[in-house]
Amino acid sequence: MREWRKTHRPSPEQQYRGRARAYLNVYVRRGKVVRRPCLVCGAEQAEGHHHNGYADPLDVTWLCKAHHREAHRST
């Protein structure tokens, strides 16, 4: 991955999104943000969906993988 990154730099938008995801993950690991079940179906394995375009990295909706993909397809 390190070698590949040398020739394939992420765009500014990709860097912005990556920082927002990393910020959220740090807060989850520290216990300051609690991972919740999926808002739609209640599945325990949920991912954070940044519905506001990553402007507030901690403002997420917890969705399972299937509903997260569905949310991205609808927008």
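Student: How many helices and strands does the protein chain have, and in what pattern do they follow along the sequence?
Tutor: This is a predicted model. The protein chain holds three helices and two strands. Read along the sequence, their pattern is α-α-β-β-α.

Student: What box do the C-alpha atoms of the protein chain fill, and what is the accessible surface of the chain?
Tutor: Taken along the principal axes, the C-alpha atoms fill a box of roughly 40 × 30 × 25 Å. Carbon and sulfur atoms account for 50% of the accessible surface. That surface comes to about 5900 Å².

Student: What share of the residues in the protein chain is buried?
Tutor: A residue is buried when its relative accessible area is under 20%. The protein chain has 75 residues, and the buried share of them is 25%.

Student: Among contacts between residues at least 6 apart in sequence, what share joins residues at least 24 apart?
Tutor: Contact here means heavy atoms within 4.5 Å. Among the contacts in the protein chain between residues at least 6 apart, the share joining residues at least 24 apart is 41%.

Student: How many positive and negative side chains are there, and how far apart do the centres of the two sets lie?
Tutor: The protein chain has 15 positive side chains and 7 negative ones. The distance between the centres of these two sets is 8 Å.

Student: Where is His50 found, and is His50 buried or exposed?
Tutor: His50 is found in the loop between strand S1 (47-49) and strand S2 (61-63). Its relative accessibility is 9%, so His50 counts as buried.

Student: Which backbone oxygen does the side chain of His50 reach?
Tutor: Pro57 is one of the residues that His50 touches, not counting residues up to four places away in sequence; others include Ala20, Arg21 and Leu24. The side chain of His50 reaches a backbone oxygen at 3.0 Å, and that oxygen belongs to Pro57.

Student: Which residues form the one aromatic pair in the structure, and how are their planes arranged?
Tutor: The structure holds one aromatic pair. Tyr23 and Tyr27 form this pair, 5.1 Å centre to centre. Planes under 30 degrees apart would count as stacked and over 60 as edge-to-face. The angle between the planes of Tyr23 and Tyr27 is 35°, and the pair is tilted.

Student: Why are Tyr23 and Tyr27 separated by about one helical turn?
Tutor: Both residues lie in helix H2 (residues 12-30). Tyr23 and Tyr27 are separated by about one helical turn because their spacing in this helix is four residues.

Student: What separates the C-alpha atoms of Gly18 and Tyr54?
Tutor: Gly18 is in helix H2 and is partly exposed, with a relative accessible area of 30%. Gly18 and Tyr54 are 36 residues apart along the chain, and their C-alpha atoms are separated by 9.4 Å.

Student: What separates the C-alpha atoms of Val34 and Glu13?
Tutor: Val34 lies in the loop between H2 and S1 and counts as partly exposed at 45% relative accessibility. Val34 and Glu13 are 21 residues apart along the chain, and the separation of their C-alpha atoms is 26 Å.

Note on methods
Residues numbered from 1 in each chain as written. Predicted model: local features only at pLDDT ≥ 70, side-chain atom pairs only at ≥ 80, totals over all residues. Heavy atoms only, no water. Buried < 20%, exposed > 50% of the residue type's maximum accessible area, 1.4 Å probe, protein only. Areas by Shrake-Rupley, 256 points an atom, 1.4 Å probe, with all protein chains shown as cover. Lys, Arg positive; Asp, Glu negative; His and termini not counted. Charge placed at Lys NZ, Arg CZ, Asp CG, Glu CD. Polar contact = N/O pair within 3.5 Å; in protein donor to acceptor, adjacent residues only side chain to side chain. Phe/Tyr/Trp six-rings, centres within 6.5 Å; stacked < 30°, edge-to-face > 60°.
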